[in-house]
Amino acid sequence: MNFELTEEQQILQDSLRRFLANEYTFKKRSEIIESGKGSDESIWNALAEMGLLAFTFPEEYDGLGGNGIDTMLVMESFGRALVTEPYLATVVLAGGLVRDAGSDAQKQAILPAIASGQKRMALAAYEHGARYNLSNVKTEAKSEGSNYVLNGSKTAVIHGGQANQLIISARTGGDARSESGITLFLLDADINGVVIRDFATHDGFRTAEVTLKDVKVGADAIIGEVDNGFPALEKAVDQSIAALCAEAVGAIDAMNETTLEYTQTRKQFGVPISKFQVLQHRMADMFIHAQQSRSMAILAADYANSDNREARREAISQAKLLIGQGAREVGQAGVQLHGGMGVTDEMWAAHIFKRLTLINLMFGDADYHLGKASDALLAKTA
Amino acid sequence: MDLNYTTEQEAFRKEVRQFLQENLPDDIRERVQKHLRFTKDVTVRWQQTLYKQGWGASTWPKEFGGTGWTEVEQLIFEDECALAGAPRQLDFGLRMVAPVIMKFGSREQKDQHLPGILDGSVWWSQGYSEPGSGSDLASLRTTAGRDGDYYIVNGQKTWTTLGQHGDWIFCLVRTNKDVKAQEGISFLLVDMKTPGVDVKPIIMLDGEHEINDVFFENVKVPVENCVGEEDKGWTYAKYLLGHERTGLANVGQWKAMMRRLKEIAREEQDDGQAIIENARFRDRLAQLDAELRALELTVLRVLTNVTAPGPEASVLKIRGTEIGQRLFELTMEATGQNVMAHIPDALEPGYDGPTVGGMNAMPAAGDYFNMRKLSIFGGSNEIQRNIISKLVLGL
């Protein structure tokens with residue numbers, strides 16, 4: 001039982017934070033967001049040079065063999081700086097899926113290309129009307145000889161517009177909501193029949209709606225087994241939830257720090273407003289949320305790669321539940337303590353608030369994960 | 001980073017578990033697990049049992065007869081004790097006065113007092129709060145004036161938990177009125193059999209006698225019963241606060257209670273099915289379950305962190321007590337309207353009189369009422385928030 005970072009992890013975290021503090025300034029971030037590109041070449045290449053784009057890939061695919069804790073460190077640092085690069089989409093979600101479920105040929109083709117910064121990817125798994133249920137898949141893949149023809153649409157495709165390749169979940173069998181009968185397909189973003197509509201998100205990221213009309217792919221596009229793609233999909237999303245939890249912890253810390261600083265600077269009634277007990281107690285509660293969230297992000301990171309599905313799902317849902325709630329509380333309190341300034345575009349707190357708000361809504365909000373944790377509790381005590 | 005216990009720690013857990021299986025008497029286990037009425041005998045017998053095993057003081061260093069366990073081992077021990085249904089050991093001696101005596105006491109004080117705490121033969125009480133001095137403890141007015149080789153103590157202490165059984169009481173008393181409030185306080189050990197000490201019950205809202213007022217009228221206390229230096233008592237009391245980083249989180253007990261609550265939620269009926277099948281109830285249980293898991297991890301993070309105690313201890317006190325109170329509240333709600341009947345006799349072991357809806361409900365409301373104290377004692381949760389903001393904000 002220990003919560004210490006290794007020396008390598010400590011060095012990595014320090015250098016990443018230093019890099020972001022120097023290079024990823026508020027101004028730079030605003031420019032990147034305004035460009036509408038969703039990713040900045042110089043930042044992305046720098047992350048590649050630091051080895052971060054291949055951090056959790058095996059060494060034979062140009063990776064560093066890192067684990068969930070390593071992802072946690074990277075994402076926490078990103079959260080502190082509100083980095084909007086397609087790291088989660090490319091490295092954790094799609095890259096993780098290829099790493100865990102792809103064939104050797106797929107890994108050879110994809111992982112080194114992600115590692116070097118050449119390839120960006122996205123996962124298209126959610127559908128309208130399904131809300132957070134990954135097994136509610138109406139997108140169809142019909143076999144036609146040795147090929148498959150895909151039809152359907154996907155929503156909430158994070159950084160879908162920036163991706164060179166997409167991973168699509170499609171139904172090859174089973175009922176509309178069953179976990180069996182789901183197959184994962186890899187396809188080029190510019191292939192015939194794929195339309196990607198790219199949108200800005202409120203928090204400076206990009207999202208996309210993807211429609212597929214008679215998209216033809218070969219059997220070599222399948223990741224993992226036909227009809228049995230769901231377990232790998234679920235695990236990749238669980239890893240992303242863990243990563244998002246870590247990002248939230250970084251953002252929560254950033255909110256607490258900037259709020260503390262602001263309340264010590266802003267004067268009313270002749271004194272810094274941090275002198276007022278009402279505000280102090282609110283900040284104490286923000287600190288408590290930060291501590292609790294950090295504990296749960298560590299738990300999620302520890303379970304993210306576990307193949308014990310029940311234990312992993314329970315830990316992930318408990319973590320996302322408390323962190324979603326913590327993100328909401330800290331986000332709202334941070335804005336409130338900034339007063340009128342908190343609702344202006346120029347304040348860091350406002351940007352943190354928007355990110356924290358959307359993190360709660362991604363991959364299942366607090367209510368959704370409470371339901372999951374609650375069902376797990378019922379099953380365990382049966 | 002590694003969230004698993006080491007092989008040695010797992011082996012230690014097994015050893016503790018086996019000891020508990022073999023040595024925890026059934027009648028004590030039943031009393032604890034069914035939340036029946038507490039008795040002095042239970043605490044003393046259990047302390048003696050642990051003492052014979054060499055485990056009387058899990059938090060003490062070996063030189064004073066303690067186990068010398070690491071903090072993680074102490075936590076494992078507490079976890080296993082709580083899950084097995086062992087009673088809590090008496091904190092006042094073991095975890096409150098003893099560390100102060102060890103750190104600041106004289107050779108004679110150590111020899112006189114530590115053995116009796118360890119073997120359970122001497123019952124200690126706490127004399128801190130006064131009617132006019134709660135959160136503002138330093139304003140205390142109980143005086144100890146010098147008269148030759150004695151202090152003459154006059155005043156009143158209150159909220160003295162289980163003081164009705166007390167043999168000795170450690171008190172903060174005012175020995176100097178001419179200096180700043182914090183600088184004129186001394187830490188005094190008082191034999192409660194001394195003439196002039198008078199313990200009077202305070203009946204709590206659950207109808208039980210757990211707390212007391214302790215009156216001092218011209219009580220003669222030998223000067224050698226002052227711990228450390230005269231007028232330095234406030235420093236010693238503060239040392240004690242910093243000494244306990246995680247004890248107030250009470251994770252082991254809450255885990256045991258969560259387990260019991262899940263059983264109760266399976267047993268109690270809700271319109272033809274177990275209340276746990278009711279999603280509205282179960283969601284709140286699941287919420288609390290997740291919060292308890294976060295608390296346990298936070299405790300472990302604090303324990304394995306080598307840095308000095310900071311605001312974490314206050315975070316743990318706040319979260320620990322909030323979670324504890326929710327557990328009692330949900331237990332009460334699980335049993336529903338059955339808790340309305342107040343049957344004090346049902347809290348005695350072997351009770352075979354009438355109940356309303358079975359034994360789950362009998363202690364539930366009283367416990368809930370009683371446990372509102374958790375967020376009030378040991379520095380109210382509002383005071384803890386002051387401490388957090390002071391340490392975090394640096395104000």
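1. In this predicted model, the largest nonpolar core holds 172 residues, and the members that touch the most others within it are A:Ile167, A:Phe185, A:Cys245, A:Ala297 and A:Ala300. The element that contributes most to this core is helix α7 of chain A, spanning residues 230-265, which supplies 18 residues.

2. Another core, made up of 40 residues, lies apart from that one, and B:Leu94, B:Leu140, B:Cys171 and B:Leu188 are among its members.

3. Which residues does A:Ile167 touch, once those up to four places away in sequence are left out? They are A:Ala94, A:Leu97, A:Met121, A:Leu123, A:Ala124, A:Leu184, A:Leu186 and A:Ile223.

4. Chain A is divided into domain 1, covering 7-119, domain 2, covering 123-228, and domain 3, covering 231-381. Between domain 1 of chain A and domain 3 of chain A, the C-alpha centres are 22 Å apart, and the contact involves 20 residues of domain 1 and 25 residues of domain 3.

5. On the side of domain 1 of chain A that touches domain 3 of chain A, the elements giving two or more residues are α4 (68-81) and α5 (87-101) of chain A, and α4(A) gives the most, with ten residues. Sorted by class, this side of domain 1 of chain A consists of eleven nonpolar, six polar and three charged residues.

Conventions:
Residues are numbered from 1 along each chain as its sequence is written. Chains are lettered from A and ligands numbered from 1 in the order in which they are written. This is a predicted model: local features need pLDDT of at least 70, side-chain atom pairs count only at pLDDT 80 or more; totals for chains, interfaces and linings use all residues. A nonpolar core is a set of buried Ala, Val, Leu, Ile, Met, Phe, Trp, Tyr and Cys residues joined through C-beta atoms within 7 Å. A residue is buried if 20 or more other C-beta atoms lie within 10 Å of its own, exposed if 12 or fewer, and partly exposed in between; C-beta atoms are placed from the backbone. Helices (H or I, at least four residues) and strands (E, at least two) are DSSP runs, numbered from the N terminus. Two residues are in contact if their C-beta atoms, placed from the backbone, lie within 7 Å. Domain bounds come from an automatic or database domain assignment. Ala, Val, Leu, Ile, Met, Phe, Trp, Tyr, Cys and Pro count as nonpolar, Asp, Glu, Lys and Arg as charged, and the others, Gly among them, as polar.
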